Amino acid sequence: DVSQAVGIVASAIRIYPNSDRAQRAAVERGILKLRNLTAVSDLKNEESRTLLQTTLSQTIDHGLKAVSINSDDYQNWLGLAMLYSNLAGEKVEGAYENARAAYSRAQAANPTNPLPLLQLAQLEVLQNNFSGALKDLESAIVLKKDFAPAYYLASQIYASQNDFKNAIPAAAQTVKYAPDDPLGWYNLGLVAYGGAYYSDAVIALQKALSLQPQYANSLYMLGLTYYKQGKIQESIQAFSDIDKLDPGQPSVLKFLENLRAGEPLFPEESSTKGE
């Protein structure tokens with residue numbers, strides 16, 4: 001309940017306006033409120049635009065107050081940086097530069113913490129500056145060798161560039177340092193599938209499912225991977241399991257129909273086969 005959360009934080013600020021923690025909490029709630037407003041608002045409507053602009057101005061104000069109250073707390077700078085990063089994702093003029101500056105202040109306030117570097121890398125990804133993002137992730141790993149989120153993001157960057165030679169080792173490092181995280185295993189399976197390492201993909205996806213048995217995305221990728229291996233019955237079983245979790249999904253039903261009929265899963269395979 002974002003509205004209730006915003007109201008509670010507003011009460012905290014009225015009681016103790018000089019609390020940087022309360023101001024930082026207002027930034028976090030403001031970001032959630034902005035996302036909700038952006039998702040449901042008709043920006044052609046003047047009232048909606050006014051509400052969005054007011055919320056944005058108030059959230060920025062809370063961020064600036066937090067760092068002015070306590071500029072030595074890196075979390076205050078991270079909160080402000082996260083706000084500007086969200087705005088940078090919406091292509092708001094000046095937001096990227098402000099986000100970078102805030103992340104730099106966060107890093108200076110806590111130079112041994114890799115989190116500001118990770119979030120700075122995420123900001124660079126939004127700007128399609130993948131080389132810059134990878135440099136930030138390398139710096140984060142220097143500070144904390146077992147920082148799994150840095151390897152995770154690096155694997156996704158490499159995979160997006162079809163560089164599976166580097167993507168797969170990065171994804172493997174993720175699960176090395178976070179072995180109980182099903183998302184890490186799913187990511188490794190996804191990357192291995194993209195690189196056509198199907199046996200490795202199956203192992204990773206099965207591990208994800210052992211940690212989270214109702215992981216529909218892992219089941220979906222497992223079904224595709226079995227199909228690529230020519231294991232049709234196993235593929236049918238995986239997609240059938242998805243249909244039990246979330247019945248009636250058109251794509252899943254179509255896959256099952258094609259598999260049972262001995263037809264290709266994807267139209268482009270039919271045209272290639274015809275050639």
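Helices (H or I, at least four residues) and strands (E, at least two) are defined as DSSP runs, numbered from the N terminus. The structure is a predicted model, in which local features need pLDDT of at least 70 and side-chain atom pairs count only at pLDDT 80 or more, whereas totals for chains, interfaces and linings use all residues. Residues are numbered from 1 along each chain as its sequence is written, and side-chain values use heavy atoms, with hydrogens and water left out.

Pockets were identified on a 1 Å grid over the protein atoms alone; a pocket is an open set of points where a 1.4 Å probe fits, with protein on both sides within 12 Å along at least five of seven lines, and lining residues have an atom within 4 Å of a point. Grid points are joined across faces, edges and corners, and a volume is the space filled by probe spheres set on the points. The largest pocket has a volume of about 610 Å³. It is lined by 22 residues, and Leu83, Ser85, Asn86, Leu87 and Glu90 are the closest to its centre. Helix 4 contributes the largest share of this lining, 6 residues, while helix 2, helix 3 (46–69), helix 4 and helix 6 (115–126) each supply at least two. By class, the lining comprises 12 nonpolar, 7 polar and 3 charged residues (nonpolar: Ala, Val, Leu, Ile, Met, Phe, Trp, Tyr, Cys and Pro; charged: Asp, Glu, Lys and Arg; polar: the others, Gly among them).

Of its 13 lining residues, Val6, Ala10, Ala26, Gln58 and His62 lie nearest the centre. Two or more lining residues come from each of helix 1 (2–15), helix 2 and helix 3, with helix 1 giving the most, 5 residues.

Helix 2 (residues 20–40) and helix 4 (residues 74–89) have axes that come within 10 Å and cross at roughly 15°; axes are lines fitted to C-alpha atoms, for helices over the stretch in contact, and angles run from 0 to 180 degrees between N-to-C directions. The two helices are therefore roughly parallel to each other (angle under 35 degrees). Their contact (heavy atoms within 4.5 Å) involves Asp20, Arg24, Val27, Ile31, Leu34 and Arg35 of helix 2 and Gln75, Asn76, Gly79, Met82, Leu83 and Asn86 of helix 4. These contact residues divide into 5 nonpolar, 4 polar and 3 charged.

Note on methods. Angles under 35 degrees count as roughly parallel, over 145 as roughly antiparallel, 65 to 115 as roughly perpendicular and the rest as oblique.
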